[in-house]
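Subject: Handover of a structure and its findings

Dear colleague,

Please find below the structure that I am handing over to you. The findings follow directly after it, and I would be grateful if you read them with the structure open.

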Amino acid sequence: MNCNCSENCIKDDINDIFNSLDDFYTPCDYCTVTELKKSTPIKRQLNLDDLDSNYTKCPRCGKRSLDIVLSHVIKILINQGLVKESLASLRKVGIPLITPGLYLEDTPMLSDNTLVLILENIDAETAKIIVNEVDEVKGVIKGNFKSTIGQLDSNSEIDEYELLAGCDIRVDIPNTENIKIAIYKQQSKLHIEFPRKNQGKINQIQEILNKYENPKIIDGMCGPGTLGIYALKSNASFVLFNDIYKEAVKTTEFNLKINQISEDKYHIYNEDLNNLVDLIDEKYDIGIIDAFPGVNIDSFRDNLLKICKEVIFV
């Protein structure tokens with residue numbers, strides 16, 4: 001995975017990632033914390049003429065509230081004729097993705113280059129203006145966030161977003177108690193995962209891991225590798241990672257190295273899960289299926305049960 005900007009988007013040492021997280025999005029004593037009504041037009045809450053790169057930026061730490069940053073973006077969209085001023089609210093700005101991606105109770109205060117935007121109604125010219133004028137935005141992606149990014153199965157075409165300006169490398173930090181995981185991804189090519197207070201999928205994995213001493217696992221639709229890496233950081237002795245989407249496999253391989261997983265602890269395949277069983281000549285304890293919505297998983301389950309003691313769906 002390569003970063004196409006001059007910022008230090010990728011840290012090779014996982015400890016460097018976590019050492020930088022303390023108070024990363026927290027306001028300092030000099031910050032102006034602003035929270036706006038999400039459905040109310042911006043023009044009824046702020047003077048659009050005042051919005052520029054310095055508006056409410058903290059003189060000490062340089063942070064601005066997410067709502068102010070998005071309002072600045074909306075001003076540009078209005079000026080470019082992509083959004084009507086009378087209707088322009090925070091809910092119209094698309095999907096804002098902070099990086100590092102953490103679960104937060106409060107609206108984050110953003111430093112420079114900590115936000116990737118996914119917009120449906122956007123063009124390359126406007127995207128470049130946003131990246132150049134809004135310091136906190138590191139990348140702008142065009143895409144319909146309702147679509148599923150990646151490849152559903154062997155009968156499906158690959159669907160990806162389009163990076164229009166800046167850099168779309170993000171790192172997600174799952175909300176786990178004692179296990180440190182950092183998951184990098186190129187957001188225009190991998191599906192969105194929102195950090196949550198209760199990590200349902202990871203909790204499911206931990207519950208089944210507790211049944212075994214050192215289980216061997218197949219992460220059959222691994223995506224960027226989150227679940228399998230968590231298992232290896234817990235008590236799994238070995239994980240076979242697999243995904244039909246080549247970009248997911250490349251990302252998993254990258255994240256295994258970032259998370260300092262020994263190469264003798266895993267193997268990676270780029271196969272249709274239904275064909276994978278024909279390539280495996282050993283038994284595993286747990287098979288994990290994390291399929292996209294709408295994908296029929298019956299055949300995947302039946303095939304994994306040929307080589308796994310049990311199969312779970314997350």
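A residue is called exposed when its relative accessible area is over 50%, buried when that area is under 20%, and partly exposed in between. Please note that the model is a predicted one.

With these terms in place, let me begin with Lys246. This residue lies in helix α6, which covers residues 246-258. Is Lys246 buried or exposed? Its relative accessible area is 55%, and Lys246 is therefore exposed. Lys246 and Gln151 are 95 residues apart along the chain, and their C-alpha atoms are separated by 8.9 Å.

Which strands pair with β4? One is β2 (residues 95-98), which runs antiparallel to β4 and is joined to it by 4 bridges. In this pairing, Leu97 stands opposite Val116 of β4. Another is β5 (residues 137-142), which pairs with β4 in the parallel sense over 5 bridges. Here Val137 of β5 stands opposite Leu115.

Turning to the chain as a whole, the secondary structure consists of 8 helices and 13 strands. The radius of gyration is 21 Å; a compact globule of 314 residues would have a value near 20 Å, so the chain agrees with that expectation. Along its principal axes, the C-alpha trace spans about 65 × 40 × 35 Å.

Buried residues account for 52% of the 314 residues in the chain. The chain exposes about 15100 Å², of which carbon and sulfur atoms supply 42%. Among contacts between residues at least 6 apart in sequence, 66% join residues that are at least 24 apart.

Finally, regarding charge, the chain carries 35 positive and 49 negative charges, and the mean positions of these two sets are 4 Å apart.

With kind regards

Notes:
Residues numbered from 1 in each chain as written. Predicted model: local features only at pLDDT ≥ 70, side-chain atom pairs only at ≥ 80, totals over all residues. Heavy atoms only, no water. Helix = DSSP H or I, 4+ residues; strand = E, 2+ residues; numbered from the N terminus. Rg over C-alpha atoms; globule rule 2.2 N^0.38 Å. Buried < 20%, exposed > 50% of the residue type's maximum accessible area, 1.4 Å probe, protein only. Contact = heavy atoms within 4.5 Å. Areas by Shrake-Rupley, 256 points an atom, 1.4 Å probe, with all protein chains shown as cover. Lys, Arg positive; Asp, Glu negative; His and termini not counted. Charge placed at Lys NZ, Arg CZ, Asp CG, Glu CD. Pairing = 2+ DSSP bridges.
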